[in-house]
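Keep the structure open as you read.

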Amino acid sequence: MTEEMADIGVQVTPVSTVEAAANVLRELTLDGKLEPGSRLREHEFAERLGIARHSFRAATQILIGEGLLKREPHRGVEVPVLSAEDVTDIFKLRVALELEAVRLVGDAGIVPAEAQQAVTELSALAEDAPWRDVVWPDQRFHRAIIDATGSPRLIRAYAGLQSEITLCLAQLRPVYDAPAQVAAEHEELLAPLLAGDPVKAEELFRAHLDDAAAKLIEIHGRQAADPPVTKTKV
């Protein structure tokens, strides 16, 4: 007699070769193992990953769409280098959008549950956690503030900036000794929202974003003086 299994409501989704390769390249980029300016030579990386060159090209195209890689004429695929001007421009818009979101959320007395969960995740990270494990909750924290406004246009405008924000977060790795520092910064940002103090929240968010922009510009200056050499184990 055959026992009938109950439907558990989930399925395992197989990952294609292209998706698997894209995941590896994404992790390498977010963890800082592929530094800004690093070139991903097709033959070399396809061989390292053990995949066909056409699969490698398809995988890099996924990350190009996400803004984590770019294709340059006569140079191929590489990790984008953000100039000081790029960082200034990105954060000019990011500050405008996030501060407006903080004002709206703070005035409404909203404390997004997703933002609180992101802080909990950051606080629980081990000291040697890979940087990608910092990037995702950091990103979700800020996106939760935007989403909590309920403004479709504000949310859409922020989404248009998301890939460059992700790239900025990935490239901030050199200025932090451990995930605990990032967790502490976001606990501080959350505190005035929990306390119902939107003015203080706006002040702290502005300082947080200005500091991030300044750190990225400093990193850019160091990289311009000392171009990266790609040393990556796949």
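The text below goes from the chain as a whole to ring pairs, a pocket and a few loop residues.

The model is predicted. Its chain has nine helices and three strands. From the N terminus on, the order of elements is α-β-α-α-β-β-α-α-α-α-α-α. The chain holds 234 residues, and 41% of them count as buried.

Turn to the aromatic rings. How many aromatic pairs does a search of the whole structure find? The search finds three. Take the pair of Trp131 and Tyr176. The ring centres of Trp131 and Tyr176 are 5.8 Å apart, and the planes meet at 25 degrees, so the pair is stacked. The cut-off that matters here is the angle: planes under 30 degrees apart count as stacked. Where do the two partners sit in the chain? Trp131 is in the loop between helix H5 (113–124) and helix H6 (132–147). Tyr176 is in the loop between helix H7 (152–170) and helix H8 (179–194).

Now take Phe141 and Phe205. Their ring centres lie 6.1 Å apart and their planes are at 15 degrees, so this pair is stacked. Phe141 belongs to helix H6, and Phe205 to helix H9 (residues 198–225). These residues are 64 apart, and their pair links distant parts of the chain. Both Phe141 and Phe205 are buried.

One more ring has a charged neighbour. Arg48 lies over the face of Phe45, at 5.2 Å from the ring centre.

Next comes a pocket, and it brings Tyr176 back. The second largest pocket has a volume of about 220 Å³. Its lining counts 17 residues. Which of them are closest to the pocket centre? They are Tyr176, Glu185, His186, His208 and Asp211. Tyr176 is thus named in two places: in the stacked pair with Trp131, and in this lining. The elements that give two or more residues to the lining are H8 and H9. H9 gives the most, with six residues. Helix H9 is also where Phe205 is found.

His186 is found in helix H8. Its relative accessibility is 0%, so His186 counts as buried. What does the side chain of His186 reach? The side chain reaches the backbone oxygen of Val182, at 2.8 Å.

Begin with Arg173, in the loop between H7 and H8. Arg173 has a relative accessible area of 32%, so Arg173 is partly exposed. The C-alpha atoms of Arg173 and Gly32 are separated by 6.7 Å. Along the chain, Arg173 and Gly32 are 141 residues apart.

Ser38 lies in the loop between helix H1 (17–30) and strand S1 (39–40). At 2% relative accessibility, Ser38 counts as buried, because that value falls under the 20% cut-off. A polar atom of the Ser38 side chain lies 2.7 Å from the backbone oxygen of Glu35. The C-alpha atom of Ser38 is separated by 8.1 Å from that of Pro80, which is 42 residues away along the chain.

Leu69 is in the loop between helix H3 (53–66) and strand S2 (70–72). Its relative accessibility is 3%, so Leu69 counts as buried. Between the C-alpha atoms of Leu69 and Arg26 there are 9.1 Å. In sequence, Leu69 and Arg26 are 43 residues apart.

Key: Residues are numbered from 1 along each chain as its sequence is written. This is a predicted model: local features need pLDDT of at least 70, side-chain atom pairs count only at pLDDT 80 or more; totals for chains, interfaces and linings use all residues. Side-chain values use heavy atoms; hydrogens and water are left out. Rings of Phe, Tyr and Trp (its six-membered ring) pair if their centres lie within 6.5 Å; planes under 30 degrees apart count as stacked, over 60 as edge-to-face and the rest as tilted. Helices (H or I, at least four residues) and strands (E, at least two) are DSSP runs, numbered from the N terminus. Buried means under 20% relative accessible area, exposed over 50%, partly exposed in between (1.4 Å probe, protein chains only). A charge sits over a ring if NZ of Lys or CZ of Arg is within 6 Å of the ring centre and within 35 degrees of the ring normal. On a 1 Å grid over the protein atoms alone, a cavity is a set of points where a 1.4 Å probe fits but cannot get out, and a pocket is an open set with protein on both sides within 12 Å along at least five of seven lines; lining residues have an atom within 4 Å of a point. Grid points are joined across faces, edges and corners, and a volume is the space filled by probe spheres set on the points. A polar contact is a pair of N or O atoms within 3.5 Å; within protein, one must be able to donate a hydrogen and the other to accept it, and residues adjacent in sequence count only if both atoms are side-chain atoms.
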